[in-house]
Amino acid sequence: MLEFRGEWEAATGEKLSKAEATILWVSRKLRGSKEAPGISTSTALQYVQNVKSAEKRVGVPLDSQALRDFERSLKRQGALRPQKQALPATEEDVAKAIARERHTDTMLALALAWRGAARVADVTGLKAGDVTRQKDFLAINWSDTKSDPFKLGVTTGIVLPEHLDSILEKKLRRKAPQDRLLATSYRRMSAALKRVRKGLTGHSLRRGAAASLLDAGLSLEEIRRVTRHSSIEALVRYLPAGKIALAAETAAASRKL
């Protein structure tokens, strides 16, 4: 948002307040662009709340009637428009999409999003310096994600298939830490998945990964740590209700044994 504010002032000569910059920045994200589709109203509302939280944290709370009106408008839109969840992908879907894809950056992005249960925007926003090799895994620092409004950085460990790991290793050697790691996009990743199964989108990776962790027997709190959701309530919206009920029954039965 700070970058946007600087670009706006440089291009127009018009100085924006933080509230005005927030409204313009979020409005642009709602509309989308050639590189990325428009965000949902719930995500837009989350961005506004993240900015307000960040400002409050540094002791400069945003107090603007225009921003309050904008926030109310987003809440109304969200209430009127039923929230759609992406169809969850399966491990087989992702493996097929990677096998059929010829663009190596998209192959890597699909694998990283699935293994890291990450949003596509988190993966496409990675810089080379966000990935460091440990002894048995890759440490990914998700430094620019809506799950981390204060940009403190959240690190998770990922193991890639051997052939993709070697491709990534060569790529990391050629790039400076500040370079963008992968030249791909939400649309390109969605297209790769749709070639495998109609109805899949880029967000199907994160939903499917969360569901697969539930199938593997992880608790909701353990899954939340992997997916980096802000709360269990936010995570539950990602998971099929039937699977949650079955997991709860299985856990209860195992406690009785």
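Tutor: Start with the whole chain. Of its 257 residues, 37% count as buried, where buried means under 20% relative accessible area, exposed over 50% and partly exposed in between, with a 1.4 Å probe and protein chains only. This is a predicted model, in which local features need pLDDT of at least 70, side-chain atom pairs count only at pLDDT 80 or more, and totals for chains, interfaces and linings use all residues. Residues are numbered from 1 along each chain as its sequence is written, and side-chain values use heavy atoms, with hydrogens and water left out.

The chain holds 13 helices and 3 strands. Both are DSSP runs numbered from the N terminus: helices are H or I with at least four residues, strands E with at least two.

Now the first pair. Helix α2 covers residues 18-31 and helix α3 residues 41-57. Their axes come within 10 Å and cross at roughly 155°. The axes are lines fitted to C-alpha atoms, for helices over the stretch in contact, and angles run from 0 to 180 degrees between N-to-C directions. That angle makes α2 roughly antiparallel to α3. Here under 35 degrees counts as roughly parallel, over 145 as roughly antiparallel, 65 to 115 as roughly perpendicular, and the rest as oblique. The contact (heavy atoms within 4.5 Å) brings Lys 18, Thr 22, Trp 25, Val 26, Lys 29 and Leu 30 of α2 to Thr 41, Ala 44, Tyr 47, Val 48, Val 51 and Glu 55 of α3. These residues divide into 7 nonpolar, 2 polar and 3 charged. Nonpolar covers Ala, Val, Leu, Ile, Met, Phe, Trp, Tyr, Cys and Pro; charged covers Asp, Glu, Lys and Arg; the others, Gly among them, are polar.

Next, α6 and α10. Helix α6 spans residues 104-115, helix α10 residues 204-215. Their axes come within 8 Å and cross at roughly 40°. The two helices are therefore oblique to each other. From α6, Leu 110, Ala 113 and Trp 114 meet Leu 205, Gly 208, Ala 209 and Ser 212 of α10. This contact divides into 5 nonpolar, 2 polar and no charged residues.

Finish with one residue. Thr 124 lies in helix α7, residues 120-124. Thr 124 counts as buried because its relative accessibility is 17%. Leaving aside residues up to four places away in sequence, Thr 124 touches Arg 180, Leu 182, Thr 184, Ser 185 and Met 189.
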